[in-house]
Structure formats: C-alpha cells, structure tokens
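Welcome! Open your viewer and follow along, one selection at a time.

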Amino acid sequence: MNCHDFARKLETYLDGGSELRPALADHAGQCPSCREQLAWADRLLALPFAEPVTIHPEWTEQVVQAVLRDRRLRRRRRWAMTLAAAACLLLALLAQPLLRGTGQPQTEPGPLVAENQPSAPKPEPPPPPLPDLTLGSALRFGPTSLEATRNFASEAARQASSLTAAAPPIRPAPRRVDPVPDPMADLGRNASEGLEPVVRSTRRAFDAWLDLLPMPTEEKPGL
Amino acid sequence: MSADDVRLVKRCQRDDPEAIRELVERYQGEVLGLCVRLLGDRHEAEDVAQEVFVRVFRSLHRWDSTRPLRPWIMTIAVNRCRTFLARRRKRPEVREDLGNVPARSGGDGDGELLREIRQALEEVRPEYRIAFVLFHEQGRPYEFIAQALSRPVGTIKTWMHRCRQAVLERLKRRGMISEVGHELP
C-alpha cells in the first residue's frame, strides 16, 4: 500500500470500514505522515459525541402544551373555514331572488310583430330601486322572498298550462308584414295643401290693393 | 416499524393528551440532542425542537404506518435544523463560543478537540455540518442522511469528505494535530 492508497482507504475507514484498520496500521508503521493521519482518524472515531442532553420536565410540558395549542388552533381554523364557506353559500342562495329584482313592475308582453314595426322612441323607464343587499335584510326577507317566488312560479306554471290548453293553435306568422303608415310622416305635405287656397286668395287681394294706389309722377331733372 | 408506535400515533390522532405526552417523551431526547448538536446553542435548539414536535403532530396523518416512525421524526428534525441554519447564515451575528454545548467529561484533550471540531463545523456549509453530525455524532448511516437531506448517497459522501478536510485544516492551523504530509483524498 502506498500513501495514495492509504489516503483513499482512510476515508473508507472513517465511513465505517473498520476491517481496514490492520492494513492501514501496517502502512502507518512505515510512514510518519500517514501515522499522524491514522491517529487523527482514530481520535475522531473515538470522540464521545453522542452525549445525551439533559431534558428538563418543564420543557417537555411546554412542548406538549404547544402541540395541544396548535391542534386546537388548527381545529378552530378548520371550523371557521367551514362556517365561512357555508355562510357564503347561504348568502348566495338568499341573495339570489333579491338580485333577480322581484320588486320590479311586471310589464305587459308586447305584440308578436312588434319587433318588425318601426315604433316611436319610448320614454326611458325609471331605474328600479336597488335591492337591499345587506346580510340582515337577506336573512329578514329571504324566507319571505323565497316563498313568494315559489308561489308565483307555481301559479305562473298553472296559468301557462291552462292557457296553452285553451288557446287556438298558433299559426305561423306571415313572412312579410306591411308596415303601418306613420301619421306624422305626411304632416307637412297635408298642411301645405290645406293652406294653399288661403294663400292664393291673400295674394290676389294684395295685388288688387296695389292696383288702386296712385302711380307716382316722374319729375324731369332741370337742365 | 413498531406496533406500539402505530397504536400511539392513532391515539395521538384522537387528540389524547396522554398519548401526545408519551410520544414527546419517547423521542424528545433524540430530537433535542440532534438540535443541540446541529445548532450549537441550547436555547435555539429547544425552540427548534419544540417546532419539530409541533410539525410532527401537524403532519402525523401523512406518516406511512408501514415505515418506522423514528427516521421520519428525525428527518423532520434535520429539515427544521437545516432551515434554521440557512436562516441564521443569512443574518450573520456575533455568537458566543459553544460553551453551552456539553463537553465530554473525559480527558482534557478530548474535550478540547471536541470544542475545536465544533468550532470548525460552525464555519462549514450547513449541509456539511448536518452530514457530519448525523454520521459521527448520531451514528446515522449514509442512506438515512441521504434521505433526510434529499440528496444521493454519493453527494453525502462528498460532503463528508470536504467537511472532514475542513475540520482537519482547522485542527492543523490551531496546532491540535501536527502537520501531515498527505491530505485526505
């Protein structure tokens, strides 16, 4: 074994290869430098590192209390998260009828052909009142709104079914619908035609009055 | 894997305070010992060891009951210490000598050598230090260290070699061992 082999095997010895000790010692007996290294390795391996640490009972108690506190906290946090999720879900369910605007006035359905007719601009309807979206109002009016919505829906369904049964079968709409004449469109022309005789008579009377007037005499300028 | 450990863990999961106390008492010596060796400060070690137990109980449901409990707990302890060492390394501060680490009650030479080695370990990378402490002081095999540090065994052996060289260099500088002609491979 040369010094290079010794250094390589010394590492293995330090890693737990105690069976290499005799061979290492053989070489170390001939080489002072390697002997120093083997001595250092032996000391390192023999060092009593793993001395047990003293543990105070207070520290143990402190650890146990910290663990229990952490578990309580996490359990409480889990509950809070679950409750928050449930509250969000409930709030969404309760606020749904309010957000749909159940308080808006019902509008009559327009004629089926209304979309084909040019119509006059309608005045803007007043904006619907904003629903009260607070949790208190949702909780206060939520059950009532839900009940009213449910009643309205069932009544509407009942009426729809009876109307459907009584109504004649719907015929398909004509492909082309004549537009309804706009009463304001010919207003100007009708007015001018109606006023024409009056205008003509007035012009004739004015001409006659002009004829009655004396004609002015022309004066010759003096030389 | 110990059936006793499995029963104890199940009781802990039912929030049995006595079971929690029993588990802490069963492993506190090893955990605190490792923390003291790795961190070199008793107070810091106690804080980190407490955090280790909190995390152990927090993730007890993730423990694979077909595998032994002890290495799992020690892995958590190693990782907490590693995080702490990395954090401490980022904020360098004047620390006292490792006088509060219990020294060997044996001969003066051993005690002095131990102190020098621990001082040398303070100056190396935390990973080297952890590997050294786990191997030489805690007697853990390379496979355990590799698993705890999430590195291949070959990397751990390289770290160990470099760490020993760093320790040896310091000991030579301090005159603890005579200058040798060859270095470790």
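Which helix of chain A holds A:Leu210? Select A:Leu210 and you will find it in helix α6 (residues 187-212) of chain A; helices here are DSSP runs of H or I with at least four residues, numbered from the N terminus.

Before moving on, note that this is a predicted model, where local features need pLDDT of at least 70, side-chain atom pairs count only at pLDDT 80 or more, and totals for chains, interfaces and linings use all residues. Residues are numbered from 1 along each chain as its sequence is written, chains are lettered from A in the order in which they are written, and side-chain values use heavy atoms, without hydrogens and water.

Stay with A:Leu210, which is partly exposed at a relative accessible area of 40% (buried is under 20%, exposed over 50%, partly exposed in between, with a 1.4 Å probe and protein chains only).

Next, show both chains. The contact (heavy atoms within 4.5 Å) takes 53 residues from chain B and 39 residues from chain A. Now select B:Arg164 and A:Glu11: their side chains meet in a salt bridge, 2.7 Å from N to O (a side-chain nitrogen of Lys or Arg within 4 Å of a carboxyl oxygen of Asp or Glu). Between chain B and chain A the count is 6 salt bridges.

Last, visit two loops of chain B. B:Asp15 sits between α1 (3-13) and α2 (17-39), and its phi is positive, near 60 degrees. B:Ser150 lies between α7 (142-149) and α8 (153-173), with a positive phi near 55 degrees. Most residues other than glycine have a negative phi. B:Ser150 counts as exposed, at 56% relative accessibility.
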